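Here is a short briefing to read with the sequence and the model side by side. Keep both open as you go through the points below.

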Amino acid sequence: MTDIAIIGGGPAGLSAAIYAASLGAKVTLIDDGLELGGQLIKQTHKFFGSEKQFAGIRGIEIAKKMIRDIKEYDHVEVIDNATVTGYYEDEVITIVQGVNGDILKKLNAKRIILATGASENMLPFINNDLPGVYGAGAVQTLMNLYGVVPGNNILMIGAGNIGLVVS
Ligand SMILES: Cc1cc2nc3c(=O)[nH]c(=O)nc-3n(C[C@H](O)[C@H](O)[C@H](O)COP(=O)(O)OP(=O)(O)OC[C@H]3O[C@@H](n4cnc5c(N)ncnc54)[C@H](O)[C@@H]3O)c2cc1C
């Protein structure tokens, strides 16, 4: 039994975990990545936006700081490389963990925070699912997380901040 189960270890989940832990709550943080940070660990560029929200600092550095902060609390348990697959009427959360998904865990929580992020808003057009057609976030994941360059000649559609950063 945990006081607060937080599903998703991106900046939202990490912030919630740090704050709840600072108030004394027993927190369980579950994330499906191999490491915590969500989108932050893919972001090698310096953040735009408000200085209060880490503007001017690289996303990967923000993630490192938040992970350091969370390790200060003994009453935070991190379950990583684990996907939450269900939430049942008896308030049990089911978690599938491991590379092969062969570990099944159950968790009871008094409160649950969903911080699972969002999915990329892919441009709808015929054949947008063919190999070689990517959303900018997918390219960022391939390059910055897995070290794979998706191609040498790229047509980038959209020159907003994400288009520029990924280009
Ligand atoms: C290409 C790109 C560049 C960006 N650049 C900037 C920038 O410069 N400045 C800025 O302010 N913002 C930027 N953003 C936006 C910022 O990254 C997001 O707003 C932020 O990461 C959202 O945080 P989050 O915690 O809500 O979600 P996420 O960071 O997406 O974290 C959610 C986590 O939950 C996990 N998860 C999902 N479902 C489950 C499940 N069932 N079980 C377990 N875990 C689960 C996910 O794998 C992920 O680790 C950028 C985003 C992208 C894609």
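Confidence in this predicted model is lowest in helix 4 (residues 161-166), with a mean pLDDT of 87, and highest in strand 2 (residues 27-30), at 98. Here pLDDT is the predictor's confidence in each residue, on a scale from 0 to 100. Across the protein the average is 93, and 100% of the residues score at least 70.

**How to read the values**
- Residues are numbered from 1 along each chain as its sequence is written, and side-chain values use heavy atoms, with hydrogens and water left out.
- Local features need pLDDT of at least 70 and side-chain atom pairs count only at pLDDT 80 or more, while totals for chains, interfaces and linings use all residues.

**Overall build**
- The protein has 4 helices and 6 strands; these are DSSP runs numbered from the N terminus, with helices (H or I) of at least four residues and strands (E) of at least two.
- Along the sequence they follow the pattern β-α-β-α-β-β-β-β-α-α.
- Taken along the principal axes, the C-alpha atoms fill a box of roughly 50 × 35 × 25 Å.

- Domain 1 covers 2-114 and domain 2 covers 120-167, with bounds that come from an automatic or database domain assignment.
- The domain centres, taken over C-alpha atoms, are 26 Å apart.
- In contact (heavy atoms within 4.5 Å) are 6 residues of domain 1 and 6 residues of domain 2.
- About 620 Å² is buried between the domains, and carbon and sulfur atoms give 63% of that area; buried area is the accessible area (1.4 Å probe) that two parts lose on being put together, summed over both.
- On the domain 1 side, K42, H45 and F48 supply 71% of the area buried against domain 2, more than any other three residues.
- The rule finds 2 residue pairs in polar contact across this interface, both at pLDDT 80 or more; such a contact is a pair of N or O atoms within 3.5 Å, where one must be able to donate a hydrogen and the other to accept it, and residues adjacent in sequence count only if both atoms are side-chain atoms.

**Salt bridges**
- The count for the protein is 3 salt bridges, each a side-chain nitrogen of Lys or Arg within 4 Å of a carboxyl oxygen of Asp or Glu.
- One of them joins K110 and D3, whose closest N and O atoms are 3.1 Å apart.
- K110 lies in strand 6 (residues 103-114) and D3 in strand 1 (residues 2-7), so this pair ties together parts that are 107 residues apart in sequence.
- Between domain 1 and domain 2 the count is 0 salt bridges.
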